[in-house]
Amino acid sequence: MWVYEKKLQYPVRVSKCDPHMAKLLAEQYGGADGELAAALRYLNQRYTIPDKIIGLLNDIGTEEFAHLEMIATMIYKLTKDATVQQLEEAGLGPNYAQRDSALFYTNSSGVPFTAAYIASKGDPIADLYEDIAAEEKARATYQWLIDLTDDVDLQDSLKFLREREIVHSLRFREAVEILKDDRETKKIF
């Protein structure tokens, strides 16, 4: 069960209209290493992970939905005052033709989200290593997005998200060690 608070996890500000940056941010909205894929991956993996790790996957999966909301807000704010010509110049003409300014789960190249992005092997340690890799890929992408904008307000929110990816990676690494220790503990029945 979730309790929804009507505020973002971290404030999202942008200082200018920038449809091109909005297009690039779509990578974290509907891309393979984006927030939707991460949230669904972690919440799905809860069902095949030992009980002592379920809470971690639930917490981080839920937080990823908050990050998805932040990305959607960034995209909205970066495009809300854009003209049709600006959207076309940024490569968002097809999206505008299909759905005006509505968001759609695609990556930055316009490829629709697919369930194939949701990695779940059923082996707890394999899944946690996949999760670590996912967090590190997201961290790298956030750094590249920070490098691609000169909007200091937008950079601030992106830096927050980058730092949260680092925290998640560390928490997943801790979970791997817990499971390894458990595996090596002699079981007496």
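Asp 59 lies in helix H3 (residues 51-79), where helices are DSSP runs of H or I with at least four residues, numbered from the N terminus. The model is predicted: local features need pLDDT of at least 70, side-chain atom pairs count only at pLDDT 80 or more, and totals for chains, interfaces and linings use all residues. Residues are numbered from 1 along each chain as its sequence is written, and side-chain values use heavy atoms, with hydrogens and water left out.

**Exercise 1.** Describe the surroundings of Glu 135 and His 168.

*Solution.* Step one: Glu 135 sits in helix H6 (residues 124-147), and His 168 in helix H7 (residues 152-184). Step two: Glu 135 is buried, with a relative accessible area of 1%; buried means under 20% with a 1.4 Å probe, protein chains only. His 168 is likewise buried, at 1%. Step three: leaving aside neighbours within four places in sequence, the contacts (heavy atoms within 4.5 Å) of Glu 135 include Tyr 42, Glu 64 and His 168. Under the same exclusion, His 168 touches Ile 60, Glu 63, Glu 64, His 67 and Glu 135. Step four: the side chains of His 168 and Glu 135 are joined by a polar contact of 3.3 Å, that is, a pair of N or O atoms within 3.5 Å, one able to donate a hydrogen and the other to accept it.

**Exercise 2.** Characterise the largest cavity and its lining.

*Solution.* Step one: on a 1 Å grid over the protein atoms alone, a cavity is a set of points where a 1.4 Å probe fits but cannot get out, and lining residues have an atom within 4 Å of a point. Step two: the volume of the largest cavity is about 30 Å³. Step three: among its lining residues are Asp 33, Gly 34, Ala 38 and Glu 165. Helix H2 (35-45) and H6 each supply at least two lining residues. Step four: the lining divides into four nonpolar, one polar and five charged residues; Asp, Glu, Lys and Arg count as charged, Ala, Val, Leu, Ile, Met, Phe, Trp, Tyr, Cys and Pro as nonpolar, and the others as polar.

Technical notes: Buried means under 20% relative accessible area, exposed over 50%, partly exposed in between (1.4 Å probe, protein chains only). On a 1 Å grid over the protein atoms alone, a cavity is a set of points where a 1.4 Å probe fits but cannot get out, and a pocket is an open set with protein on both sides within 12 Å along at least five of seven lines; lining residues have an atom within 4 Å of a point. Grid points are joined across faces, edges and corners, and a volume is the space filled by probe spheres set on the points.
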